[in-house]
Every structure is written in structure tokens, then in C-alpha cells.
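Here are some exercises to work through with the model open beside you. Try each task before you read its solution.

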Amino acid sequence: MKLIKIIVVVFALIFIGSKCYAQISPGELSNGHSKLEGVSNCTQCHDLGNKVTNNKCLTCHKELNQQVSKLKGFHSSKEVKGKECVFCHNDHHGRNFEIIKWDKTKFNHELTGYALKNAHAKKKCVDCHTQKYITNPKLKLNKSTYLGLKSSCVSCHEDVHQKTLSEQCNNCHNDTKFKPASKFNHNNAKYKLVGKHQKVDCLKCHKEEDRNGKKFQVFTSLKFEKCTDCHTDVHNNQFGQNCLQCHSMESFLTLKNQHSFDHNKTNYKLEEKHLTVDCKSCHKGKYTEPLKYGKCVDCHKDYHDNQFAKNGISPDCSTCHDLKGFKKFSYTIDQHNQTEFPLNGAHNATPCFECHKKTEKWAFRQIGKKCVDCHSDLHKDFINPKYYPQSTCKTCHNENSWKEIAFDHNKTNFPLLGVHKVQTCRKCHFTENEDKSFVQKFSNLGVECKTCHKDIHMNQFDKNGVSDCKMCHEFENWKASKFDHNSTNFKLIDKHANVSCVKCHKPTSENNNTYIKYKIQTTCESCHS
């Protein structure tokens with residue numbers, strides 16, 4: 001019966017007209033919903049006898065419904081999923097009411113399923129959310145929509161490769177900038193770059209041409225089966241087309257088998273760097289003369305001048321180095337940690353030369369173990385040595401980061417209380433000059449409040465040249481919570497107890513400074529006429 005009554009009332013209202021409608025409607029609909037005005041349209045959004053439901057909203061907003069059904073987009077994120085539409089978008093507040101209102105500057109775009117990173121993070125909303133990039137004809141007509149964009153790069157950016165490469169641009173490029181293609185690895189291509197090819201400019205092989213009226217760089221369909229596809233055969237095919245029979249990709253002038261001699265048939269196989277050494281560098285006389293080759297020092301000078309010698313005998317270079325080059329070494333961090341100076345924290349990522357090559361020569365013995373052996377003591381003459389005896393930096397700092405400081409300020413004559421606990425050391429102990437240099441203040445830093453803070457009371461409460469702010473203020477905030485007017489020479493009693501402070505203590509100016517006057521006359525006639 002109740003439902004029948006509701007239906008009767010609704011149909012009655014439909015025929016009564018707009019005057020009665022104005023009495024039952026909560027208010028005008030917004031511009032976007034204005035076409036739904038009228039009692040006959042109530043059920044477009046409302047169920048009879050019930051509230052607005054998501055099903056009603058999504059029936060009309062079909063494009064959004066498609067995203068929600070696929071669990072995609074902002075409305076399927078953890079922030080929105082499960083909420084009723086009217087929780088964020090309600091109506092009947094007038095024509096100009098913004099039914100979609102949000103702070104674009106604080107919006108977390110990652111909730112849409114497409115996080116804005118690097119260069120994208122610097123873009124304005126309108127740079128991407130524009131009809132230019134919307135393909136849906138219906139959405140294209142909606143100038144205020146944020147729907148209709150695709151996440152593929154080519155939906156917004158021109159495909160400069162003209163469909164000759166994959167549309168997955170992130171395979172080669174990143175979100176920071178289009179050039180260079182920092183993620184591209186030529187070893188994943190059909191032709192891997194080896195030797196000198198690694199240093200060849202891309203344009204040498206991948207030429208630019210005009211295609212479809214635009215500049216186009218060719219990356220596919222290049223011939224590379226034979227060296228002569230790119231290089232001129234200086235031998236005019238006398239030795240065939242397989243250049244790699246004699247030459248290597250390290251250098252055309254370096255032969256694999258000089259004089260048709262296979263060095264691997266000897267007792268010393270040529271590997272890595274030795275493959276590029278000219279024969280005469282080792283064979284200074286006749287090739288038939290025997291050479292020592294059992295140890296590296298048979299040919300090479302001990303660059304480290306016996307620094308690693310034990311009992312007068314130096315270990316072979318191969319203990320740390322290999323044939324790929326002297327600059328490469330295999331000395332591990334675990335090996336270093338077995339020494340008197342294990343690598344911890346930031347030292348673990350410090351290049352070897354920072355400690356072991358302070359001069360032209362490498363040094364591995366007697367280079368120091370204390371912080372000041374490598375680092376300058378920038379606090380010298382500024383901090384009392386009792387706080388870091390023998391310049392022991394670890395009293396305050398650690399090896400993970402110089403900025404990580406653990407100092408017990410209670411050991412000083414100024415314990416940190418209240419908001420002082422959350423201040424950085426630099427806030428109080430360093431002053432920046434105009435040239436961006438810093439002045440340290442430690443031992444020479446006073447403990448009075450005015451050392452760091454401006455006296456806004458203009459010395460009204462000075463006693464012997466010192467203002468003790470703690471008489472009124474605490475360390476938690478600047479409110480004068482400790483001040484008791486009854487402890488002054490003028491106690492607030494009777495009517496005075498309810499008088500506003502500013503009635504008696506008025507702002508005054510002196511030497512271009514405005515402050516509240518607290519030291520005033522306390523006679524009756526000084527305030528009352």
C-alpha cells in the first residue's frame with residue numbers, strides 16, 4: 001500500500017505542474033544535469049522511495065561504466081572503489097554548482113592506473129587531457145572530460161619511426177626525455193655491436209632520409225650479413241668476403257693470425273689484451289728465441305713496487321688483475337674486509353682511487369685508518385675537543401652518511417627541549433654568507449634566546465642586558481603560557497580580569513619597528529580619563 005501511495009503522489013505531481021515541483025525539489029540541478037529537470041524525470045536518477053544508486057548513474061555515464069566494469073581507471077582505485085557516486089558528486093545545488101570539484105595540484109594520478117613520472121610529472125592537465133588526443137567521437141565533444149585517453153605513447157606522441165618499430169616506446173626510451181634512447185641495448189637486436197662497432201656513431205649505419213614528407217631515421221631492414229655490406233673491401237675480393245678470418249672487430253690493423261701463425265699452438269695462448277699486442281712488443285729478437293712467461297713480472301714491471309710482498313716475494317698480478325686490462329681488478333670487498341680497515345657504510349661505495357691514489361702512484365700500505373687521515377676536520381677550532389677526542393668523527397657521525405648525526409646534546413650546557421628537539425644541527429650551528437659559504441658556531445654559540453631568536457618585545461623585559469624568555473614562554477610553542485599577570489606589579493582583579501590585553505597593551509612604533517607595549521603606566525588616570 002505504501003508503494004501505491006507513493007506512485008499516486010508522483011503521478012499527481014507530474015500533472016500539477018512546475019509550481020508544485022518547486023516545492024518538493026531540493027533545488028535546481030547543475031548545468032550538466034539540467035536536462036533532467038522536472039518531476040517526470042526523477043526516476044532517471046532516483047529509485048522510488050529510495051536514494052540515488054550507482055546503477056542509475058552508470059546507466060547514463062556509459063563510458064565511465066565501461067571503465068568500472070573492467071576495474072580500470074580512477075573510479076576503480078582503492079580511493080574510490082566501493083563508494084556511492086553521490087558521496088563525491090551530489091546535485092540540486094543550483095545551475096552553476098560544480099558537481100565535479102577537485103584540487104588538480106594534489107591529485108594522485110597513479111590512482112588512474114597511469115603514474116606520472118619524470119617529464120610527464122611536469123605537464124599540466126590540459127597538455128594531455130584535450131580533445132586532440134581523444135578518439136571516442138562522443139567524448140570528443142565533451143570539453144570537460146578527463147576520460148578517453150589511452151596509455152600508449154603513440155596516442156599522444158608522434159610515431160617518428162612510422163610503424164617500423166614496436167609501439168612499446170618504453171622498450172628503448174624513458175619518461176625523462178626522448179633522446180637518447182637510454183634503454184636501448186644493441187645486444188638485443190639482430191646485430192650485436194662488438195669491438196670498434198661499439199664506438200661508431202649511430203648515424204654512420206642508421207642514415208636519415210625523407211619519408212612521407214618527414215625526416216626519418218632507418219633502423220630496420222639493414223644488411224649486415226657481411227662486412228662488405230658496410231665496409232669497402234680494400235683487398236678487392238682477393239681473400240674472399242669473410243674478413244673475420246684474419247681481422248678482428250677491435251681494429252682493422254690488428255690481425256688474428258699475423259703471418260698466418262696460430263699462437264694457440266704454442267705453450268702460451270694469447271687471450272684478451274694480449275691479442276692486440278704487436279708481436280715485436282714481446283718478441284724483440286727472433287721469434288724462435290724462448291721467452292719467460294710463467295709470471296706477469298717476466299714481461300711487466302711491478303707497478304706497485306713490492307707493496308704486496310710477503311717475505312720479499314710479491315704475489316703474481318693475476319691475484320687481482322686479469323688479461324682484460326690492468327685497470328680492471330678482481331679484488332673483492334670481502335677481501336678488503338679481512339684487512340685492518342673493513343669497508344662499512346658509504347665506504348662500501350667509495351671508488352678505490354679515492355683512498356689509494358691520492359698522488360700519481362697507487363698506495364696500499366700506511367695510508368691511515370682514522371677519519372682525519374683522509375677527511376679534513378672541518379670542525380677543528382670550532383668544537384671543544386672534549387666532545388670528539390682525537391678528532392674521532394664517529395662521536396657524532398657514522399659511516400653510512402655524513403648527514404646522519406647522533407649527538408647527545410644533554411652533554412652540553414644547553415639540553416634540547418620542546419621544538420628544539422626537531423631542529424637540524426645546521427639550523428643553529430651554521431650561518432650562510434652571501435657567497436653561499438658557511439660560518440660554524442659551536443663553542444662560540446651563546447645559550448640566550450636572543451642568540452638565535454629576534455626579541456619582538458624590543459628589550460622590554462631585559463634584566464642586566466639579558467631577556468629570559470622562559471619566564472613567560474615554554475619550548476613547545478611561542479604562546480606565553482607561563483605568564484601570570486598577577487605576578488606583576490599590577491594584578492588583574494575585578495573588572496580588569498576580563499579586559500582584553502590589547503585594551504591596555506597597544507602596538508607602538510619605534511625606529512621603524514612595531515611592537516606591543518607592555519611596560520606602561522599603571523596609574524588609573526593613565527588609562528581612564
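## Exercise 1: A loop residue with another answer

Work out whether Thr53 is buried or exposed, and which residues are in contact with Thr53.

Solution. First, the place: Thr53 is in the loop between helix 2 (18–24) and helix 3 (54–60). Second, the accessibility: with 18% relative accessibility and a cut-off of under 20%, Thr53 counts as buried. Third, the contacts: setting aside neighbours within four places in sequence, Thr53 touches Cys45, Asp47 and Glu84.

## Exercise 2: Aromatic rings

How many aromatic pairs are there, and how are the rings of Trp362 and Phe364 arranged?

Solution. The count comes to 12 aromatic pairs. In one of them, Trp362 and Phe364 are stacked, at 5.9 Å centre to centre with 5° between the planes. Trp362 is partly exposed, at 22% relative accessible area, and Phe364 is partly exposed at 22% too.

For Tyr387 and Phe407, the centres are 5.8 Å apart and the planes make an angle of 85°, so the pair counts as edge-to-face, for which the angle must be over 60 degrees. Tyr387 and Phe407 lie 20 residues apart, each in the loop between helix 11 (371–374) and helix 12 (425–429). Phe407 is partly exposed, with 30% relative accessibility.

To finish with rings, select Phe74, Trp102, Phe107 and Tyr146 together: they form one aromatic cluster.

## Exercise 3: Charges over rings

Find which ring lies under Lys361 and which lies under Arg426.

Solution. Lys361 is over the face of Tyr303, 4.2 Å from the ring centre. Arg426 is over the face of Phe438, 4.8 Å from the ring centre.

## Exercise 4: The whole chain

Decide whether the chain is a compact globule or more spread out, and check how confident the predictor is.

Solution. Begin with the elements: there are 14 helices and 10 strands. The radius of gyration is 41 Å, well over the 24 Å from the globule rule for 529 residues, so the chain is more spread out than a compact globule. Its C-alpha trace spans about 120 × 85 × 50 Å along the principal axes. Buried residues account for 14% of the 529 residues.

Then turn to confidence: the mean pLDDT is 85, and 92% of residues reach 70 or more. Residues 1–22, however, have pLDDT below 50; this stretch makes 13 contacts in the model beyond near neighbours in sequence. Where pLDDT is low, predicted coordinates should not be read in detail.

Conventions: Residues numbered from 1 in each chain as written. Predicted model: local features only at pLDDT ≥ 70, side-chain atom pairs only at ≥ 80, totals over all residues. Heavy atoms only, no water. pLDDT = per-residue confidence, 0-100. Contact = heavy atoms within 4.5 Å. Helix = DSSP H or I, 4+ residues; strand = E, 2+ residues; numbered from the N terminus. Buried < 20%, exposed > 50% of the residue type's maximum accessible area, 1.4 Å probe, protein only. Phe/Tyr/Trp six-rings, centres within 6.5 Å; stacked < 30°, edge-to-face > 60°. Lys NZ or Arg CZ within 6 Å of the ring centre and 35° of its normal. Rg over C-alpha atoms; globule rule 2.2 N^0.38 Å.
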